[in-house]
Amino acid sequence: MSCVIINYGMGNLASVSKALRKIGVAHSISAHPEEVMAAHTLVLPGVGSFQAAMENLNSSGLSDAIRMRLGSGDAKLLGICLGMQLLADTGFEPERCSGLGLIPGEVRALECDLPVPHMGWNNLDIKNPTYFGELEDLDFYFVHSYHFVPQNEADIAATTDYGGPVVAAVQRGPVFGCQFHPEKSQRSGLKVLEHFFAQNA
Amino acid sequence: MIDLRYCSKCVFPESKPDLFFDEQGVCSACIGAAKKAGEIDWEQRRKDFFSIVEHYRKPEGQPGWDCLVPVSGGKDSTYQAWFLKNECGMNPLCVCFETTNITELGQRNLDNLSDMGMDVVYFKKNHPAYKKMVVEGFKRVGDEMWPNHLGIFTIPVMVAVKFGIPLIVWGENPQKEYGGPLESIKNNVLDRAWLEEFGGLLGNRIQDMVGVDGLTERELTPYFYPSEEELKKVGIVSVFLGHYFFWDARKQLEIVKQHGFSVKEDGPVEGTYTNYENLDEKMHGLHDYLKFVKYGFGRATDHACIDIRNNRLTREEGLKLVKQYDGKYPHLSINEFIKYSGMSKADIDAIIDSFTNPLLFQRDEHGAFLKDEAGNLIRNYEVR
Amino acid sequence: MLKVRIIPVLTFNGFALVKTKQFGNPRMVGNPIQAARVFNSRNVDELVFTDITATYSGRKINLPFVKEVIDECFMPVTIGGGIRTPDDINDLLKIGADKVLIKNMAINNRSFIGEAARLFGAQCISVAVDARRTGDGRWELYSKTPTGLDALEFVKMVEQEGAGEIILTSVDRDGMMQGFDTELVQQVLQTVNTPVVAVGGGGSPEHFLELFQKTSIKAAGASAIFYFTQFTSYDIKKKLGDHGFPARFMAAGN
């Protein structure tokens with residue numbers, strides 16, 4: 001079962017790769033649509049702005065490849081941080097633009113009295129335990145200024161509290177997204193990754 | 001090649017932790033030693049020490065230990081014990097925390113202590129628990145002697161607390177000045193903070209070991225330092241003999257040799273040119289080598305500096321010995337460690353490499369450290 | 001709920017880890033790999049690693065070496081030292097840094113912060129603000145060459161430029177282990193809404209408790225306490241947790 005970490009010029013590829021190595025998942029890093037089409041598991045990392053990310057994904061043909069590959073029914077995708085936000089229909093960072101459209105919803109700026117970005121360890125309220133399993137410790141590392149608001153509550157896999165509930169993870173079929181960084185959340189994060197890779201698409 | 005500065009008087013390099021150089025390029029160890037030789041009123045200090053001894057001596061006509069001396073079987077602690085018994089007329093209790101893998105010579109020298117007419121508490125530790133810490137200490141902080149450092153400081157203090165012996169006499173003076181007349185030493189509690197800063201624990205704490213390989217607090221009992229309350233209740237006071245008497249290791253060696261202390265007859269100890277230090281531990285060469293890979297100098301440098309400062313060697317002679325003996329790959333200790341830990345040589349070497357400072361030693365284009373035919377690292381600096 | 005962050009700060013001189021006192025008298029304290037391993041085994045919240053001599057020696061940070069340190073860590077790592085161009089930032093992010101710490105460029109060219117935040121995202125950009133009391137109730141922004149800037153004015157600018165985080169160090173309290181400069185911290189928190197990490201003076205769990213009780217800080221960094229005392233981040237968090245602050249506890253072991 002091949003795994004590809006998608007390189008679209010904006011992501012902490014090294015950390016994600018290191019985490020996958022630690023849990024023993026063979027993988028490659030690629031910027032080529034053909035390799036995305038040949039993989040069974042896709043990992044979409046991301047650090048930076050929504051608009052810039054989509055421009056890169058679109059111009060390289062990667063966004064089409066991702067949609068086509070998932071459409072075939074035997075692949076799954078993990079989106080991390082910005083990579084999770086890109087799963088949405090629409091983003092607003094810095095201006096309104098279209099996302100991958102894999103999970104209906106919008107990505108809006110975090111608006112609360114608390115400092116922004118939401119930065120640090122926060123605990124999850126898990127709604128859909130498919131990829132979480134039994135966790136000793138529910139604190140995960142977050143660092144983001146925008147958040148995903150899915151159209152359907154059923155797509156929310158977990159929330160966290162930061163001036164009110166904030167979506168921490170989304171899941172729709174074979175597509176799973178984490179607002180937090182599992183590759184930076186030590187044991188708990190590595191456990192979530194292990195669960196994701198252990199499940200079939 | 002990098003430009004590594006050396007002391008203009010001894011042969012310590014600037015890479016040694018806690019070392020400073022003055023404008024003439026003389027290192028702080030040399031400056032401290034000169035101060036010791038010149039500015040100190042040793043007569044007064046000697047008087048101070050004997051007044052302390054008198055204060056803590058238990059009354060005649062009754063059983064009791066007047067003081068506690070932490071010992072290893074090495075020449076320094078043997079000398080300390082001898083000094084307190086023979087020169088001060090005290091009845092010391094010697095306390096030894098068993099080393100990792102004692103040599104025959106080490107065992108003989110330890111047994112000799114009781115032959116010298118003193119009681120010795122020989123603490124034999126829970127071996128499986130200790131071994132887990134040896135391996136973890138090696139992997140985590142690059143020191144397989146990590147639990148030993150902890151044990152040799154903690155067990156004597158624990159025994160002093162439990163046996164109600166307030167005065168503990170240690171050996172040479174550490175970095176921090178720790179001594180003074182009777183009135184001032186009441187505050188010399190060698191507390192946990194001192195241990196963490198100066199005990200060579202490399203930032204790892206005993207509580208970090210709980211849970212490693214299933215280790216429990218119970219199994220780690222000998223390594224938890226007594227609390228402030230326990231230390232205060234007994235009135236534990238620690239003094240360093242080296243604060244009160246000019247420390248001359250070679251002279252002390254001659255004295256203890258007359259009282260049954262044996263040295264290595266068949267050549268120097270691994271990693272240095274001397275045959276009278278670190279005789280007790282089979283794997284000491286590995287510990288010393290790890291220091292070398294981290295900081296670029298090893299045991300031979302330490303010994304040469306002491307001999308230079310005591311005017312037994314010129315700087316030139318010291319440099320020659322360093323170039324000849326310092327930092328050689330410790331084949332014997334490594335073999336012992338393979339047997340002891342069950343780790344493979346490849347894994348052991350990989351861990352050593354991870355602690356090797358890439359600025360100090362030459363590497364090939366793939367990043368692997370270059371080694372000569374004998375397996376020694378190639379320096380990226382000049383010893384001068 | 002968001003947990004308090006306790007962050008070990010490692011200062012590097014290009015060769016080994018050092019610890020300063022009031023930003024002077026660097027004392028060599030050891031090897032970065034062993035420190036990283038110890039902190040990773042303790043599951044600390046984050047790590048800050050900065051090469052404090054890079055800019056002054058006119059060199060860049062040693063990337064392969066820093067990569068080795070980062071590889072030991074499975075928690076967020078902030079790396080600083082000699083950052084002058086966007087390429088420097090990119091190089092660090094490529095080897096796995098989560099955030100970069102900018103100091104001298106922020107002082108000499110404030111628009112660099114904004115540019116970096118736009119290119120890489122605000123959450124990657126931390127700015128180091130070193131503050132020293134001037135004796136008349138103010139704090140100057142401290143650097144090897146005098147800046148003549150007021151620290152509070154400076155943090156306002158840093159926020160405006162869009163940095164994601166401010167690492168605020170009290171020069172007076174650095175390495176002294178006598179408690180934090182809580183006045184400085186509270187003034188900065190009242191001035192900006194950017195997340196702040198308070199550093200300088202934390203020598204015992206009580207100091208941290210005092211800091212969290214007297215100010216609205218959510219994160220504190222420390223260095224000397226981890227080299228020179230028996231306390232670990234667990235002891236600090238336990239103290240805070242016992243007094244009602246939300247802290248993250250991880251069981252020991254690998």
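Student: What conventions apply here?

Tutor: The model is predicted, so local features need pLDDT of at least 70 and side-chain atom pairs count only at pLDDT 80 or more, while totals for chains, interfaces and linings use all residues. Residues are numbered from 1 along each chain as its sequence is written, chains are lettered from A and ligands numbered from 1 in the order in which they are written, and side-chain values use heavy atoms, with hydrogens and water left out.

Student: How many residues do chain C and chain B bring to their contact, and how much area do they bury?

Tutor: The size of an interface is often given as the accessible area lost when the parts come together. Contact means heavy atoms within 4.5 Å, and buried area is the accessible area (1.4 Å probe) that two parts lose on being put together, summed over both. Here 28 residues of chain C meet 33 residues of chain B. The two chains bury about 2,500 Å², 49% of it on carbon and sulfur atoms. Phe15(C), Gln34(C) and Gln230(C) supply 25% of the area that chain C buries against chain B.

Student: How many salt bridges cross the interface of chain C and chain B?

Tutor: A salt bridge needs a side-chain nitrogen of Lys or Arg within 4 Å of a carboxyl oxygen of Asp or Glu. The rule finds two between chain C and chain B. Arg363(B) and Glu68(C) form a salt bridge through their side chains, at 3.7 Å, N to O.

Student: What are the corresponding values for chain C and chain A?

Tutor: In this contact, 35 residues come from chain C and 32 residues from chain A. They bury about 2,800 Å², with 54% on carbon and sulfur atoms. Leu2(C), Phe74(C) and Gln123(C) lose the most area on the chain C side, together 28% of what that side buries. Two salt bridges are counted between chain C and chain A. Lys184(A) and Asp98(C) meet in a salt bridge at 2.8 Å, N to O.

Student: Which strands form the open sheet of chain A, and in what order?

Tutor: Strands of a sheet pair through backbone hydrogen bonds, either parallel or antiparallel. Strands (E, at least two residues) are DSSP runs, numbered from the N terminus, and two of them pair if DSSP finds at least two bridges between them. In chain A the order is E6-E5-E7-E10, with mixed pairing. Strands E6 (97-98) and E10 (146-150) of chain A are the edge strands. E5 (residues 90-91) and E7 (residues 105-109) of chain A run parallel, joined by two bridges. Gly91(A) stands opposite Val107(A) in E7(A).

Terms used. Helix = DSSP H or I, 4+ residues; strand = E, 2+ residues; numbered from the N terminus.
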